[in-house]
Amino acid sequence: MSHHATYIVTGGAGFIGANLVAELLHRQPVAHVVVIDNFRSGSVENIMAACARRSVGAFAGTILPCSTAALDWDMVLERYEPSVVFHLGAITDTTLNDEAEMFRENLGGFERLLALVGESRRHGCPVRLVYASSAGTYGAPPQAATREPFPESAAGQPRNVYGMSKWLMEAAHRRAAERDEALPVIGLRYFNVFGPGEARKGAMASMIYKLARRLLDGQPPRLFADGSQARDQVAVADVVECTLAAGGLAGGLARPPKPGVYNVGSGRAVSFNQIVDCLREALGIPPDRLPTEYFEMPASVRAYYQDYTRADIAAAALGLGWSPRVAPLEAVAQYALWIRSQGRPVGERPV
Ligand SMILES: NC(=O)c1ccc[n+]([C@@H]2O[C@H](COP(=O)([O-])OP(=O)(O)OC[C@H]3O[C@@H](n4cnc5c(N)ncnc54)[C@H](O)[C@@H]3O)[C@@H](O)[C@H]2O)c1
């Protein structure tokens, strides 16, 4: 790993991005980290808090307060000469139905970035690109009905505009990779990510955070009936590790990470009932105190809801040398205790 390397993290003021920034600085204290963020859902407080959690001192990199859709990528790559661009900046509100806005913000500039990454090798300053896709690209594949892991090939039926924007990013990536097989670009389909630093996501925070918050606030947890819906929940530390591995900065491979699109999950599905049970046990709140309330899923939600997700993580192990380190319920219990130890975070948005 070279010293004084520059890394760009778009969406670096967000939940996962800020954790990534701090981990980069932990591993390479002299690295120059350039955060590009329009602060739509992120905050510099996320970066400061993540750096404090990782004990890397105050963030002293560069912040470009700008939408990636409006960015002059030619100028940015020429000026900063990053070795890796981690592109996580996106509208993350999965309920937003404004198609023009979602596609403009989540896709704008991406094709130009792909082209520049392709050209960069020919210009002698090779750049790798790692971008965030989502389990939302799957919708409800046949594997969901039989409760089996989703292989990467099963995606393509997103159920909302957000999932479609991620699917179209992947489509642009595929087109570019058809022209250049060795294009050093990796798309990561994050499943449901949870962990420290998500309090400012408000309604878009993980269900784990929201359920823990309710229990800690003395309110009964609320679940869609009958609570058996299950998701692949993955701890943010594992997601950051995978993202670094995709950037060639971690992982157990002797060779560079293999370009492509990968699932990033724990490989296990846990139901919302299991999550509540786990939180109750960790926080010492038995089921007869604050009994769980179940309610019918509204039809508007039913239309796009994913009842079951589970990542097949075999490809990530082979191509990136990455596997999750922590089992989801173990991480949920630790996280519940951490949330309690922190009190109410500054800048938390209502969930
Ligand atoms: N958290 C999850 O469970 C999850 C699951 C699947 C995929 N993802 C993806 O991971 C990435 C990070 O998500 P997160 O959970 O940290 O959410 P987040 O909302 O906390 O972070 C997104 C960040 O991107 C910024 N942003 C939004 N639009 C932008 C734009 N056009 N240009 C520059 N910055 C922009 C926001 O201000 C924010 O700081 C996103 O691409 C998201 O779609 C997250």
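Let's start with helix α8 (residues 207-216) and helix α13 (328-342): these two pack at an angle of about 50 degrees, with their axes 10 Å apart. Helices here are DSSP runs of H or I with at least four residues, strands are E runs of at least two, and both are numbered from the N terminus. Axes are lines fitted to C-alpha atoms, for helices over the stretch in contact, and angles run from 0 to 180 degrees between N-to-C directions. This is a predicted model, where local features need pLDDT of at least 70 and side-chain atom pairs count only at pLDDT 80 or more, while totals for chains, interfaces and linings use all residues. Residues are numbered from 1 along each chain as its sequence is written.

So what do we call the arrangement of α8 and α13? They are oblique to each other; angles under 35 degrees count as roughly parallel, over 145 as roughly antiparallel, 65 to 115 as roughly perpendicular and the rest as oblique. On the α8 side, Ile208, Ala212 and Leu216 meet Val332, Tyr335, Ala336, Ile339 and Arg340 of α13. Being in contact requires C-beta atoms, placed from the backbone, within 7 Å. Seven of these residues are nonpolar, none polar and one charged. Here Ala, Val, Leu, Ile, Met, Phe, Trp, Tyr, Cys and Pro count as nonpolar, Asp, Glu, Lys and Arg as charged, and the others, Gly among them, as polar.

Now compare another pair. The axes of α5 (residues 110-122) and α7 (residues 161-179) come within 10 Å and cross at roughly 30 degrees, which makes α5 roughly parallel to α7. This crossing is right-handed. Phe110, Glu111, Leu114 and Gly118 of α5 make the contact with Met169, Ala172, His173 and Ala176 of α7. By class, that contact has five nonpolar, two polar and one charged residues.

Back by α13, find Val326 in the loop between α12 (314-320) and α13. Leaving aside neighbours within four places in sequence, Val326 is in contact with Ala235, Asp238 and Ala331.

Finally, look at the ligand. Of the 29 residues around the ligand, Gly11, Gly14, Phe15, Gly42 and Gly89 come nearest; being near takes a C-beta atom, placed from the backbone, within 6 Å. The largest share of this shell, three residues, comes from α1.

Terms used. Left-handed = near helix turned anticlockwise from the far one by under 90°. Contact = placed C-beta atoms within 7 Å.
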